[in-house]
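My notes follow in the order I checked things.

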Amino acid sequence: MTWIDFPLYSSIIVILWIIGLVFLVVSYKKRAVLKIANLFFVAGWVVIIVFVIKLWIELDRPPMRTLGETRLWYATFLPLIGFVTYIRWKYKWFLAYSFVMASMFLAINYLNPETYSKTLMPALQSPWFIPHVLVYLFSYAVLAASSIVAIKGWYDNYKGNFNIETLKLADNLVYIGFSFLTLGLLFGALWAKEAWGHYWTWDPKEVWAFLTWMGYLIYIHYRYFHAQNSKQALTILALAFVVLLVCWFGVNYLPVANTSVHTYTQY
Amino acid sequence: MSENNIRIHRNLWENPWGYVESFFIGIGIIITGLFLEVFSTSQNAFTLSYPYNTIFLLGYVLVLLVLYKWFTNSQIIRWLTKVPASISSIVLVTILVMIMGIIPQIPSENKLINNLGLNHITSNWAFLLILFQFTTCLGLISIKRILQYKWSNLGFILNHTGLFLALTAGILGTGDLQRLSINTFEGKPSWIATDAQKNKIELPFAFYLKDFLIEEYNPKLALVDNKSGSIAHNDGKNLYLVEKGETYYFNNFEVKIEDFLPNAIRFGMRYEPVNEIGSPPAAKITVKNVENDSIQTSWISSGSFRYPYESLKISEDYSVVMTIPEVKKFSSDIDILTKEGKRINTVLEVNKPYKYKGWKIYQLSYDDKMGKWSNLSILELVKDPWLPLIYIGIFMMIAGAFYMFWMGNKITKN
């Protein structure tokens with residue numbers, strides 16, 4: 001079992017997941033179908049686990065050293081976190097998101113066979129890499145969803161039929177997203193200690209990740225004590241997401257960018 | 001329901017203090033800090049080292065306890081344990097960090113930036129003072145919740161107390177943090193390290209570098225524009241690795257790699273494998289122009305610090321070049337020689353530091369001009385006695401994050 005078998009396995013997995021996703025969409029109309037969707041999701045997940053285990057045995061080392069292997073782990077763990085979140089919070093869209101993202105990573109691997117063996121630069125070869133990236137993937141997705149809810153809230157406000165339930169949904173999403181964000185930040189700190197010798201160096205990306213964290217911290221504290229001031233809360237939520245976007249895409253364009261360890265474009 | 005529905009008209013500084021007063025105080029603190037920046041003559045960052053930082057932390061926590069226990073009725077303490085004070089300090093810390101995220105934290109030509117110390121925010125008095133208010137709020141509410149002895153406060157305490165510990169220990173610990181680097185050479189013992197200020201420091205043990213090893217990737221092939229000299233395909237990303245027998249396509253050129261030698265030197269018309277310092281990789285390639293079926297065969301090489309590179313010009317516009325191999329992994333096989341005459345062998349690698357007598361030893365760097373022939377390995381030694389406290393804080397916050405994920409927003413849910 002090596003990467004040679006990957007096209008076969010990944011095709012099976014993605015087909016199973018796509019069928020699952022179709023059933024998931026149908027389940028919005030017919031609830032009972034959801035079980036069938038889950039069946040396909042789990043089946044696909046079992047196949048990916050089989051592939052990972054066999055690859056691991058074949059390579060005789062944890063498959064965590066190359067770009068292709070990293071994506072394989074994303075595809076493995078995204079559904080797992082998706083399921084745990086679904087079991088706890090019953091957001092179907094979130095389950096769908098995790099499987100779409102996982103399929104996307106498999107597709108990227110399928111389309112770029114040359115990256116199967118492309119080893120990562122030394123600093124990135126760490127067991128912290130995958131959890132660090134994974135929790136951020138989830139955090140950004142959930143926080144983005146909270147912003148969509150905020151936009152809906154604004155629109156409703158404008159129309160004059162604002163329902164406080166909208167804001168409560170946003171609250172819950174922010175809490176989930178913020179917990180992932182905290183984990184991402186702290187995993188990053190623990191990794192940095194192993195790789196660079198210090199857990200926090202105020203690297204530009206770290207600064208903006210910290211700012212994102214503070215932005216949502218303001219929202220959470222504001223909501224906690226001013227449950228009725230919905231407009232201000234929505235504004236804070238929107239601003240926090242702007243900071244998140246700067247952290248995600250914008251840092252490379254700021255005057256501070258060239259001092260960052262998070263720019264890997266040359267690799 | 002909330003104070004919003006019943007608007008109470010009250011004057012500024014009347015009980016209890018709200019947002020206006022909070023920001024008033026917070027901005028006042030920042031302005032005070034900036035004044036200190038402008039008028040203080042000391043160039044050095046303010047740090048405390050052992051035992052003063054330990055005394056400071058213990059004293060600080062003690063004062064917070066005393067304040068909470070016996071002075072809760074005072075205006076200031078009541079204000080510090082309420083939300084407006086927390087939110088204003090979070091916002092103001094955020095603003096100062098945002099300045100750090102925009103203005104590069106390096107020596108500046110700009111007078112305003114220099115005078116206000118905006119290029120060294122982390123040691124700026126304004127930042128330190130507002131952070132002090134932030135941690136004071138955090139400390140007081142931590143004490144408040146802990147002393148309530150309720151299980152429902154668990155998540156709150158993990159998050160707030162964890163952050164308090166990580167922050168205070170992190171800031172106070174900088175005074176005791178030691179980061180040294182040491183150059184070690186193959187076959188020689190080294191025990192003189194240098195700190196950030198280039199001071200020489202003698203270590204109580206020595207490093208003997210037995211072997212420094214670099215693993216490299218194969219070099220890559222690239223199509224280069226003859227005029228601009230820049231890479232002319234795939235935007236310079238995902239270049240092809242040079243491997244014997246592979247065929248790649250660039251625009252309308254078919255490039256076949258006939259032979260690849262990781263270490264080679266030119267002898268007349270061809271390259272021969274050698275085992276010599278500075279011998280670069282070389283490959284024999286055949287390039288076929290699909291349009292007119294013309295074929296060229298030649299050797300190319302990435303070159304090294306000792307030998308020039310060789311490329312192949314395949315048309316008026318383009319050449320095929322070999323890139324310098326990238327590093328896959330580097331490691332140092334070292335012995336630590338102790339004063340007692342013991343030898344401790346270990347292999348250092350990026351992401352795999354070694355712990356010895358309170359030091360963490362890292363593989364930092366090497367002579368990149370020499371690349372895989374480097375006899376020099378640069379190690380870093382870090383001693384951070386405050387780390388356990390910081391880790392307790394971090395792990396409390398991690399536990400708090402899991403708690404938060406699981407509980408969600410239970411407060412506004414009902």
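**Entry 1: strand S18 of chain B**

I started with the pairing of strand S1 (residues 178–185) of chain B. Eight bridges join S1(B) to S18(B), and the two run antiparallel. I picked out one pair: Leu180(B) has Leu381(B) in S18(B) as its bridge partner. I note that this is a predicted model.

Next I looked at strand S17 (residues 359–366) of chain B. S17(B) also pairs with S18(B) in the antiparallel sense, over six bridges. Here Lys360(B) stands opposite Val382(B) of S18(B).

Is S18(B) enclosed or open? I checked burial along residues 376–383. Seven of the eight residues of S18(B) are buried, so the strand is largely enclosed by the rest of the structure.

**Entry 2: a four-strand sheet in chain B**

I then traced an open sheet of four strands in chain B. Its order is S5-S4-S13-S12, and the pairing is antiparallel. Which strands stand at the edges? They are S5 (240–241) and S12 (312–313) of chain B. Each has a single partner strand, so one side of each is left without a neighbour in the sheet.

Inside that order I looked at S4 (residues 220–225) and S13 (residues 318–322) of chain B. Five bridges hold this antiparallel pairing. Val224(B) stands opposite Ser319(B) in S13(B).

I moved to chain A and took helix H4 (residues 92–111) as my reference.

H1 with H4. The axes of H1 (residues 6–26) and H4 of chain A come within 10 Å and cross at roughly 160°. An angle over 145 degrees counts as roughly antiparallel, so H1(A) and H4(A) are roughly antiparallel to each other. H1(A) passes H4(A) in a left-handed crossing. The H1(A) side of the contact includes Phe6(A), Ile13(A), Trp17(A) and Leu24(A). On the H4(A) side I noted Leu95(A), Phe99(A), Leu106(A) and Tyr110(A), among others. By class, this contact has 14 nonpolar, three polar and one charged residues.

H3 with H4. The axes of H3(A) and H4(A) come within 8 Å and cross at roughly 170°. That makes H3(A) roughly antiparallel to H4(A). Residues of H3(A) in the contact include Arg71(A), Tyr74(A), Leu78(A) and Tyr86(A). Among those they meet in H4(A) are Phe94(A), Ser98(A), Met101(A) and Ile108(A). The class count here is 16 nonpolar, five polar and two charged residues.

H4 with H5. How do the axes of H4(A) and H5 (residues 129–159) of chain A cross? They come within 12 Å and cross at roughly 135°. H4(A) and H5(A) are therefore oblique to each other. The crossing is right-handed. From H4(A), the contact takes in Trp93(A), Phe94(A), Tyr97(A), Ser98(A), Met101(A) and Phe105(A). From H5(A), I listed Leu137(A), Phe138(A), Ala141(A), Val142(A) and Ala145(A). By class, I have 10 nonpolar, one polar and no charged residues.

I stayed in chain A for Glu69(A), which lies in helix H3. Is Glu69(A) buried or exposed? Its relative accessibility is 2%, so Glu69(A) counts as buried. Leaving out residues up to four places away in sequence, Glu69(A) touches Trp3(A), Leu59(A), Arg61(A), Pro63(A) and Met64(A).

**Entry 3: backbone exceptions**

As background, most residues other than glycine have a negative phi, and most peptide bonds are trans.

Lys90(A) has a positive phi of about 60° although it is not a glycine. Lys90(A) sits in the loop between H3 (67–89) and H4 of chain A. At 55% relative accessibility, Lys90(A) counts as exposed.

Lys198(B), not a glycine either, has a positive phi of about 70°. I found Lys198(B) in the loop between S2 (189–194) and S3 (200–216) of chain B. Its relative accessibility is 68%, so Lys198(B) counts as exposed.

Last, I checked a peptide bond. The one from Tyr50(B) to Pro51(B) is cis, with omega near 5°. Pro51(B) lies in the loop between H1 (19–39) and H2 (52–70) of chain B.

Definitions and conventions
Residues are numbered from 1 along each chain as its sequence is written. Chains are lettered from A and ligands numbered from 1 in the order in which they are written. This is a predicted model: local features need pLDDT of at least 70, side-chain atom pairs count only at pLDDT 80 or more; totals for chains, interfaces and linings use all residues. Side-chain values use heavy atoms; hydrogens and water are left out. Buried means under 20% relative accessible area, exposed over 50%, partly exposed in between (1.4 Å probe, protein chains only). Two strands pair if DSSP finds at least two bridges between them. Axes are lines fitted to C-alpha atoms, for helices over the stretch in contact, and angles run from 0 to 180 degrees between N-to-C directions. Angles under 35 degrees count as roughly parallel, over 145 as roughly antiparallel, 65 to 115 as roughly perpendicular and the rest as oblique. A crossing is left-handed if the near helix is turned anticlockwise from the far one by less than a right angle, and right-handed if clockwise. Contact means heavy atoms within 4.5 Å. Ala, Val, Leu, Ile, Met, Phe, Trp, Tyr, Cys and Pro count as nonpolar, Asp, Glu, Lys and Arg as charged, and the others, Gly among them, as polar.
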